[in-house]
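I opened the model today and kept short notes on what I looked up. The entries follow in the order in which I made them.

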Amino acid sequence: MAEVETTRDGAVQTITLNRPDKLNAFNRAVHEGLHAALEDARDPAVRAVVITGAGRGFSAGQDLTEFGEAGDIGQMLRATYHVTVLAIHSLEKPVIAAVNGVCAGAGLSLACACDIRLASDAAFFVPGFVGIGLIPDSGGSYFLQRLLGTPRAFEWMTSNRRLTVEDAQAWGLVSEVVAADEFPAFVAERAAELSAGPTRSIALTKRLYDEAATSTLEDQLEREAEAQTEAAQTEDFREGVAAFGEKRAPRFSGR
Ligand code: LHQ
């Protein structure tokens, strides 16, 4: 069975990390599978992406048994994790991390690179990196700073403390927590809703919030004006306004 499984349901693509006996730790095959799946996800017919894990893990990060002493870690990161994180970040559609279980190290970074984090009540979060004398890589310094703020991110990532899913929600790391047995159906419903949304406007919103973190107000107002000009030229804008006037639900096409 492949280390990364990809399925399509309507306009939703689900990418499942599939090494359950290793808590979906990343090895070469997982990286290759993820890169290919994220390339597929660029298909305009895909309007929402879900990344999740098989078994009781989301991902325990780098497979520490397949890493070893040899090699240039910087080069390894550039060729593997960076490709994945940048692919998620540049996808012009929402990407949901469906955190089904334990989420550690680069698995935590992967979840944080996604646009939305939903969690099962079986999930918990572990920094991982500091436990083996490393720094938060794969976007772990970038995204956790944005999600948690520097004081909380620094304090947590320099401990190796397990964060419960309840605390993760209180911190804003995950937006919703659902009972494990209801989680797959819940994720499918949220993903279907997003995939039926005005995809161009959602993609532009993704970009704007990313830029806002390092922008001035003047620059950001200008970016909003440009993005709104683009959004207002979509079929979905016309449909949204027409549906409002006709007092019916809009039928967005993503165009
Ligand atoms: C694993 C792993 C794992 C292999 C559990 N590898 N087998 C980037 C570039 C270059 C170098 C290094 O790093 C990076 C980025 C990173 O991701 S660094 C951080 C790497 N990850 C970690 O340090 C986490 C290590 N794992 C753990 O601390 C625990 O396993 C956690 C807290 C994730 C889960 O604990 P438990 O729920 O108690 O499960 P467990 O420890 O019993 O694990 C279950 C199995 O999974 C076990 O195998 P076994 O054959 O004994 O049943 C573990 O050995 C295996 N496993 N993580 N990263």
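Entry 1, terms and source. I call a residue buried when its relative accessible area is under 20%, exposed when that area is over 50%, and partly exposed in between, with a 1.4 Å probe and only protein chains counted. This is a predicted model, in which local features need pLDDT of at least 70 and side-chain atom pairs count only at pLDDT 80 or more, while totals for chains, interfaces and linings use all residues. I number residues from 1 along each chain as its sequence is written, and side-chain values use heavy atoms, with hydrogens and water left out.

Is T52 buried or exposed? I found a relative accessibility of 14%, so T52 counts as buried. T52 is part of strand 3. The side chain of T52 reaches the backbone oxygen of A98 at 2.8 Å. I list this as a polar contact, which is a pair of N or O atoms within 3.5 Å; within protein, one must be able to donate a hydrogen and the other to accept it, and residues adjacent in sequence count only if both atoms are side-chain atoms. I then looked for contacts, meaning heavy atoms within 4.5 Å. Leaving out residues up to four places away in sequence, T52 touches T14, I15, T16, L17, F58, A98 and N100.

I counted 11 helices and 10 strands in the chain. The radius of gyration is 19 Å, close to the 18 Å that the globule rule gives for 255 residues, so the chain is as compact as a globular protein of that length. The radius is taken over C-alpha atoms, and the rule is 2.2 Å times the number of residues to the power 0.38. Along the principal axes, the C-alpha atoms fill a box of roughly 60 × 45 × 35 Å. Of the 255 residues, 44% count as buried. I also took the contacts between residues at least 6 apart in sequence, and 68% of them join residues at least 24 apart. The accessible surface of the chain comes to about 12,900 Å², and 56% of that belongs to carbon and sulfur atoms. Such areas come from the Shrake-Rupley method with a 1.4 Å probe; for residues, only the protein chains shown count as cover.

Which residues come nearest to the ligand? Of the 27 residues around the ligand, these are R56, A60, Q62, L64 and A106. A residue counts as near if one of its heavy atoms lies within 4 Å. The shell around the ligand divides into 17 nonpolar, four polar and six charged residues. Here Ala, Val, Leu, Ile, Met, Phe, Trp, Tyr, Cys and Pro count as nonpolar, Asp, Glu, Lys and Arg as charged, and the others, Gly among them, as polar. Helix 2 (73-79), strand 6 (102-104) and strand 8 (124-126) each supply at least two residues of the shell. The largest share, three residues, comes from helix 2.

I checked atom pairs next. A polar side-chain atom of R56 lies 2.9 Å from an oxygen atom of the ligand. A polar backbone atom of L64 is 3.0 Å from a nitrogen atom of the ligand, and a polar backbone atom of A106 is 2.9 Å from an oxygen atom of the ligand. The ligand has 1,000 Å² of accessible area on its own, and the protein covers 70% of it.

A41 lies in the loop between helix 1 (28-40) and strand 3 (48-53). A41 has a relative accessible area of 0% and is buried. Leaving out residues up to four places away in sequence, A41 touches Q13, V46, V49, L91 and K93. In the loop between strand 8 and helix 5 (140-148) I looked at G133, which counts as exposed at 63% relative accessibility.

Most residues other than glycine have a negative phi. L23 has a positive phi near 50°, and N24 has one of about 55°. I found L23 in the loop between strand 2 (12-17) and helix 1, and N24 lies in the loop between strand 2 and helix 1. N24 is buried, with a relative accessible area of 1%.

Methods. Helix = DSSP H or I, 4+ residues; strand = E, 2+ residues; numbered from the N terminus.
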